[in-house]
Amino acid sequence: MARTILTGEAVSSGVSVGKAYLLAKGHYCLTSVQNIPEDHVEQEAERLQNAFNSALQSLERIKSSVPQEQQEHAAILDSHIMILRDPKLRRKTERYIRELLMSAEWALEKGVADVEKGFSRVDDEYFQARANEIRLLTHRVMNHLSGSASSIKPITSRVILVAHDLTPADTVELNVSKIMALATAQGGKTSHVSIMARSLEIPAVVGVENVDTTVRDSDFVIVDGFQGKVVVDPSDEELEHYTNLKYQFENYRREIMRHRELPGESRDGFRINVMANIELFEEVRAVLDYGGEGVGLYRTEYSYLYRHKLPSEEELTEEYSDLASILHPKEVVIRTLDAGGDKIGKGFENLEEANPALGLRAVRFCLKHRDIFKSQLRAILRATQHGNIAMMFPMISGLNELREAKEVLEEAKHELRLEGIGFDEDMPTGIMIELPSAVMVSDLLAREVDFFSIGTNDLIQYSLGIDRTNRHVAHLYQPLHPALIRSIKHVVDAGHREGIEVSMCGEMAVDPYCLPVLLGMQVDNLSLNPQSIPVIKKVMRQLSTEECFDLLKRILESDSVSQSNRLVKENVFNRFPEELLFYSSMLEKAT
Ligand code: PEP
Ligand code: MG
């Protein structure tokens, strides 16, 4: 294919050069034989049962091969196995073969369409997700009917995986050790595929429009996980450039790992804890491997996603308690459920909101579904026996909402006391500052909480009016925008005036070029994806508070993002050629 450059969102750093492996989208074609003669009924019914059984066996085989560290995938497979075992769909489909004299394929298609129709009447996102799963599973059964046992051909050599999207089941079926990089048409920073790429430390670009229809199997491609590019059939110059970049990055990564166990502090000894953001319990290993000084944000919504039904209080207690005991004495900040908004599928209701980001999400969702909220709060409290858990509410807009959320927390505490269940009475309770309204009343909020954690992903979205999932406005994501810098400074000062700690757990904390500004403001803790901890520590340990104060002062006086960006680059980053090379896309975004 002719040289082409496709762009998307860089979600995992690095560069890979190699042959594309195109994962088929899982489409199947219905045979043209719609009706069968009466004397073929038994044969067709048997074909259907065999296809269901083979699909079931292949899923069970996949499940038994799931490595220990990917057990969250196994939970999804369990739910898929349960769906395939459910006799209702089989019975219904078989009835269509017998009564309507349909071929097995057409009968199955009709049976699934009926299920989808039934689910579409239920106004609930959970049921929509189930309907999607049934459709996906039908692909498997159809593949067995058509005689192609697996939609995934084995990966035998190291490849760059190109796909429309990757389901967790696909991930398990694929031999991930052979995947050098990923490029998908769907997905965002927090989708399953991105999380997986980061934890495997392979470069990944997602949201690449038409990547699966443009790239062909075995095409020679480059995945640039720094700039979010997929280069198909690269020129000799590009090849040389990326091969060098890859080599340099590998050396750099080895080198910065030396910083991982050192404390997060400036050259002159100002301490900022460098903690980890995690989404899955399994990432706890990465927190320790990369020198995380605790978990500053545990996004609990994923535990709801990966289960077939709502998790029970017992399950959550066990999960939080295991996390806290593994990391003890390091602190673990558990964020209460942040369902809705861009967390597609994480909601429990399909409200069909015109503006989900401005809709019933996070703490608003929890205050409406108090049973779900209370059960989580009880689980968090019950897991505090080691005394190293803190919790925070997301998306607090003002005092009334905070007080309401705290009331539910008090109810949970009261119930546990009555039941004689012990918990840490001193568990710190904080809030995320993610809304401009919370910034404006941060002085009032600071009096009623133990800490703030600034969530810049949402604060930028709501302050600058850019949908964080819309790639057309992604270039407007500008952490050094004067409005943002003033907001953050306002929150840090308001928190410190009331004597509480102020942390940052949004993606701004990962950008090395924002670090001198945050150090200048004296934020207390930073929380970021574990893999980026060593680089942040490395840069922090080479900065002095004095130069950061000075830089911040000048940035606060600057009138535009481009001026702030220039100041950061000229005053600080010209001293950091490697970071400038590997993180320049972040700097460019700010111009
Ligand atoms: C944020 O908004 O910055 C944040 C950390 O929360 P999330 O990305 O989970 O919405
Ligand atoms: Mg947020």
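Predicted model: local features only at pLDDT ≥ 70, side-chain atom pairs only at ≥ 80, totals over all residues.

Analyst: Helix α1 (residues 41-64) has 24 residues, and from first C-alpha to last it reaches 35 Å, close to the 34 Å expected. Among its buried residues are L48, A51, F52, A55 and L56. Hold on to F52, as it comes back below.

Now for the empty spaces. Rolling a probe the size of a water molecule over the atoms shows where empty space is left. Here there are three cavities of 30 Å³ or more.

The largest cavity has a volume of about 70 Å³. It has 13 lining residues, and R299, R335, M432, E434 and N457 are the closest to its centre. Both β10 (295-299) and α18 (456-464) supply at least two residues of that lining. By class, you'll find seven charged residues, three polar and three nonpolar. Where does the largest cavity sit? It lies between domain 3 (300-427) and domain 4 (432-591), because both give residues to its lining.

The second largest cavity holds about 50 Å³ of space, and here's F52 again, lining it along with I83, L84, L89, L108, I134, L137, T138 and V141. Helix α5 gives the most to this lining, with four residues, while α2 (71-85) also supplies at least two. This lining has eight nonpolar residues, one polar and no charged ones.

Conventions. Residues numbered from 1 in each chain as written. Chains lettered and ligands numbered in written order. Heavy atoms only, no water. Expected span 1.5 Å × (residues − 1). Buried < 20%, exposed > 50% of the residue type's maximum accessible area, 1.4 Å probe, protein only. 1 Å grid on protein atoms, 1.4 Å probe; cavity = no way out; pocket = protein on both sides within 12 Å on 5 of 7 lines; lining within 4 Å. Points joined across faces, edges and corners; volume = space filled by probe spheres on them. Nonpolar A, V, L, I, M, F, W, Y, C, P; charged D, E, K, R; others polar. Domains from an automatic or database assignment.
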